[in-house]
Amino acid sequence: NGQFKNVNGRNLKNGNGKGVVYTRKGNGYYVGEFQDDVPHGDGSMRLQGYIKTPSYIGQFVRGFQNGKGTVYLPDGRLYYRGSMKNGNCSGNGTLYIYVDKGVEGVYKGDILGSIPYGSGKFYTKQGNVLYDGEWKDGKREGIGTVYFADGASYKGEVQNGECSGKGTYYLNDQTKFVGYFQDAILVDPN
């Protein structure tokens, strides 16, 4: 379906339409805007194996997911909403299913290739912030604030996902300890 344009003897789909498209992730059924036979503009893609929902709804540029979009898992659960670049979750967005330090929750912030990279927050599924700070390669890394279940918090350097380096640890009554920490334990007061 859709409009066609003849280019060098080939009929290429252009404008609004629908049809089977071939992607690096497999065959899919696409409904939306085409340019020169590839998804280009706003559209919806359903890859093979997706029964309940499309795999992606959003913007396409020359056949790749680029711009704002929403990604679903094959079981229909919402996975990601935000910026897309060259078919990947990259830019600013929300990962609705992300596991950090054994806890499944929600990550909001900078993303590169579907993992946290840059500045962002990690929340429990109930909406409580567990970490607010810098990320690298999907791990807490840099400067950040860690919030503990007992009401205590740590603000400072985070290395390899742990409260390690120069920082301040606050008890739930706001009593503070300043110095160098290793795995949230004060090792050198300062």
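Is Y169 buried or exposed? Y169 counts as buried, because its relative accessibility is 16%; buried means under 20% relative accessible area, exposed over 50%, and partly exposed in between, with a 1.4 Å probe and protein chains only.

A quick word on the model. It is predicted, so local features need pLDDT of at least 70 and side-chain atom pairs count only at pLDDT 80 or more, while totals for chains, interfaces and linings use all residues. Residues are numbered from 1 along each chain as its sequence is written, and side-chain values use heavy atoms, with hydrogens and water left out.

**Aromatic pairs**

The structure holds 11 aromatic pairs. Rings of Phe, Tyr and Trp (its six-membered ring) pair if their centres lie within 6.5 Å; planes under 30 degrees apart count as stacked, over 60 as edge-to-face and the rest as tilted. Here are two of the pairs:

| Pair | Centre distance | Plane angle | Type |
|---|---|---|---|
| Y131 and W135 | 5.3 Å | 80° | edge-to-face |
| F148 and Y169 | 5.7 Å | 35° | tilted |

F148 lies in the loop between β12 (139-147) and β13 (153-158), and Y169 in strand β14 (residues 165-170), so this pair ties together parts that are 21 residues apart in sequence. Strands here (E, at least two residues) are DSSP runs, numbered from the N terminus. F148 is partly exposed, with a relative accessible area of 29%.

As for the other pair, Y131 and W135 are both buried. They also belong to a cluster in which ring pairs link Y98, Y107, F122, Y131 and W135.

**Around L130**

L130 is found in strand β11 (residues 129-136) and counts as buried, at 19% relative accessibility. Leaving aside neighbours within four places in sequence, L130 is in contact (heavy atoms within 4.5 Å) with V103, F122, Y123, T124, R140, T145, V146 and Y147. Take Y147: it is 17 residues from L130 in sequence, but the two are 4.8 Å apart in space, C-alpha to C-alpha.

**On the surface**

What about Y22? Y22 is found in strand β2 and is exposed, with a relative accessible area of 65%.

Key
Helix = DSSP H or I, 4+ residues; strand = E, 2+ residues; numbered from the N terminus.
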